[in-house]
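The following paragraphs lead the reader through a structure of paired chains, strand by strand and then domain by domain. Please keep the sequence and the model in view while reading.

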Amino acid sequence: MIKVLKAGFYTTIQDQGRIGFAAMGVPISGAMDLYSSNLANSILNNSFEEAVLEITFGVCQFQFSSKTSICISGADFSPTINQLPVVLNSKILVNEKDILSFGKINFGARCYLAVKGGILTAQKLSSRSLFKNITSSSLVQSGDLLPISLVKAEVKVSNTAVKMNQSHFDSNLIECFKGPEFELLNTQQQQQLFEILFSISNDNNRMGYKLNETITNNIPSILTSAVLPGTVQLTPSGKLIVLMRDCQVTGGYPRVLQLSANAINKLAQKKTGSKFSFISIKP
Amino acid sequence: MANSKTYKSFGPKAILIEWKPVINLGILNDIIDFRDKIKNQKSGLFLDFCVGYNSLTLLFKENIADFKKEIEGLQEIDAFITTSLKTQNYQWEIPVCYDLEFGIDLKEMSNLSNLDISEIIEIHSNNLYTVFFIGFLPGFLYLGGLDSELFFGRKANPRLHVEKGSVGIGGQQTGVYPINSAGGWNIIGKSPINFFDADKEFPCFAKSGDQIKFNAISKEEFYDLEKLILVNKYQLLKTIIHD
């Protein structure tokens with residue numbers, strides 16, 4: 001078990017998401033930064049399918065009720081075990097009653113805590129990702145007891161950490177493909193998409209990020225059609241919305257861009273006010 | 001094929017197939033038919049399929065190496081495959097209580113139009129609606145078939161809280177809120193039926209191509225049904241739709 005002593009600002013359980021349920025209107029969900037959550041699992045020799053904790057902006061605390069090994073990847077929220085700093089992207093042995101804390105934000109927005117064998121909360125529609133009205137709660141809360149695998153913790157733990165490319169957090173270039181409605185934009189609007197330095201508004205969450213800047217347009221809505229994580233919608237007000245992992249399955253705003261898989265992961269590590277530009281890549 | 005289609009790439013892992021931008025049953029049936037053919041022919045390639053009013057999105061498991069080749073393969077299926085294992089569609093009877101306690105916008109709608117409240121209810125519950133697809137929220141049915149007399153624009157100020165089961169009209173559409181949600185539709189009644197339950201084997205009973213018939217019930221019947229549904233003792237009425 002992991003006992004949640006302090007749940008923090010926004011902590012959820014995530015895996016690869018619910019895939020194959022679009023026909024019922026069920027969002028995909030899954031880790032916002034799949035690159036980092038996959039890295040954490042792979043360092044523990046876990047399958048990518050194992051569920052991890054997604055911690056947004058730190059300040060939380062967990063206690064382990066059994067010996068296991070863990071890995072922390074993604075954002076750096078100054079993790080400590082029993083108040084001693086631990087290294088990101090490495091296999092860490094924890095003992096019964098050890099307390100893992102996250103505090104000061106050094107970089108990034110979301111960090112992932114993987115445990116050997118995964119977090120074993122109930123699966124709903126073949127995923128453990130928390131989502132309102134699908135799982136019994138939508139957030140991890142203080143006092144929760146999260147079941148974890150009881151596989152034997154490894155005796156030998158290497159001290160080496162996998163080196164993470166820092167551009168994953170620092171780069172302000174977000175790679176994308178042209179979206180299905182890109183061609184409805186005139187040349188000037190198309191140029192604006194790639195020339196404006198966009199910033200993330202405070203209206204940002206796991207469903208999507210609204211951006212502050214505007215592209216004036218009078219492009220009509222489309223008949224409701226599929227949207228995906230990473231779809232960039234242009235609203236009549238001129239504001240762009242970048243859809244993220246918990247987005248709806250359908251939408252009616254023109255889909256002007258589609259982020260690459262890794263661009264979604266990079267954006268997941270940015271916060272309110274972060275600036276970035278879209279750069280076009282060919283499919 | 002009378003309904004011509006266009007194919008577009010939609011990011012590295014999806015192909016969007018679009019029909020002409022109109023909402024009609026012929027196009028919906030064509031979309032479902034094409035989806036089923038693709039499923040039968042190439043089932044292993046896809047993670048998921050998403051139906052829209054005039055679109056079908058194919059979500060591939062892997063990055064698509066050659067869009068042109070993939071699209072040609074789909075066009076071949078379109079041109080040469082004539083039979084497919086058809087999905088069975090049903091007509092569902094959905095009880096709705098149109099009492100003013102639940103139909104909180106009925107009075108205003110009646111004032112804004114030349115329809116009595118009873119006429120609004122009668123028109124709404126007489127029509128047969130087709131499920132085009134499910135989106136917006138898990139279990140939110142996009143229904144076609146609303147009588148043009150009942151086209152009412154969305155409310156200028158959306159409500160922050162619309163109760164689960166509320167039946168509404170927004171523009172040219174009608175539908176049922178599957179969970180408590182914010183919403184801008186005009187609320188005309190409430191259904192005790194669960195449109196989404198993640199604990200059921202089939203979390204959402206309806207699917208694209210099914211039909212919905214709303215049946216007016218009294219407040220007493222509403223509360224009785226609500227109790228039965230709570231203890232899982234209510235069986236929705238359905239009939240098979242034949243072509």
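In this predicted model, strand E1 of chain A, residues 2-6, pairs with E11(A) in the antiparallel sense, and two bridges join them. Within this pairing, A:Ile2 stands opposite A:Leu146 of E11(A). Both strands belong to an open sheet of six strands in chain A, whose order is E7-E6-E9-E4-E1-E11 and whose pairing is antiparallel. Which strands stand at the edges of this sheet? They are strand E7 (84-85) and strand E11 (145-146) of chain A; each has a single partner strand, so one side of each is left without a neighbour in the sheet. In general, the strands of a sheet are paired through backbone hydrogen bonds, in either a parallel or an antiparallel manner.

The secondary structure of chain A as a whole amounts to four helices and 20 strands. Its C-alpha trace spans about 60 × 35 × 30 Å along the principal axes. The radius of gyration of chain A is 20 Å, which agrees with the value near 19 Å that a compact globule of 283 residues would have. Of these 283 residues, 51% count as buried.

Chain A is divided into two domains, domain 1 covering 2-164 and domain 2 covering 171-280. The centres of these two domains of chain A, taken over C-alpha atoms, are separated by 28 Å. Where they meet, 17 residues of domain 1 of chain A are in contact with 14 residues of domain 2 of chain A. On the domain 1 side, the elements that give two or more residues are helix H1 (34-43), strand E5 (68-76) and strand E10 (107-115) of chain A. E10(A) gives the most to this side, with three residues. By residue class, the domain 1 side of chain A divides into nine nonpolar, six polar and two charged residues.

Seven residues of domain 1 of chain B are in contact with six residues of domain 2 of chain B. Helix H1 of chain B, residues 25-42, gives the most to the domain 1 side, with three residues. That side of domain 1 of chain B divides into six nonpolar residues, one polar and no charged.

Between the chains, 35 residues of chain B are in contact with 25 residues of chain A. On the chain B side, at least two residues each are supplied by strand E1 (6-9), strand E2 (14-18), strand E3 (46-51), strand E4 (55-60) and strand E6 (128-134) of chain B. The largest share, four residues, comes from E3(B). The side of chain B that touches chain A divides into 23 nonpolar, nine polar and three charged residues.

Most residues other than glycine have a negative phi. A:Ser29, in the loop between strand E2 (10-14) and H1 of chain A, has a positive phi near 60°. Is A:Ser29 buried or exposed? With 28 C-beta neighbours inside 10 Å, A:Ser29 counts as buried. B:Asn232 likewise has a positive phi, about 60°, although it is not a glycine. B:Asn232 is found in the loop between helix H5 (219-230) and strand E14 (237-240) of chain B, and it counts as exposed because it has 10 C-beta neighbours inside 10 Å. B:Lys200 lies in the loop between strand E12 (186-190) and strand E13 (211-217) of chain B. B:Lys200, with 11 C-beta neighbours inside 10 Å, counts as exposed. From C-alpha to C-alpha, B:Lys200 and B:Asp105 are 32 Å apart in space, and they are 95 residues apart in sequence.

Conventions
Residues are numbered from 1 along each chain as its sequence is written. Chains are lettered from A and ligands numbered from 1 in the order in which they are written. This is a predicted model: local features need pLDDT of at least 70, side-chain atom pairs count only at pLDDT 80 or more; totals for chains, interfaces and linings use all residues. Domain bounds come from an automatic or database domain assignment. Two residues are in contact if their C-beta atoms, placed from the backbone, lie within 7 Å. Ala, Val, Leu, Ile, Met, Phe, Trp, Tyr, Cys and Pro count as nonpolar, Asp, Glu, Lys and Arg as charged, and the others, Gly among them, as polar. A residue is buried if 20 or more other C-beta atoms lie within 10 Å of its own, exposed if 12 or fewer, and partly exposed in between; C-beta atoms are placed from the backbone. The radius of gyration is taken over C-alpha atoms; the globule rule is 2.2 Å times the number of residues to the power 0.38. Two strands pair if DSSP finds at least two bridges between them.
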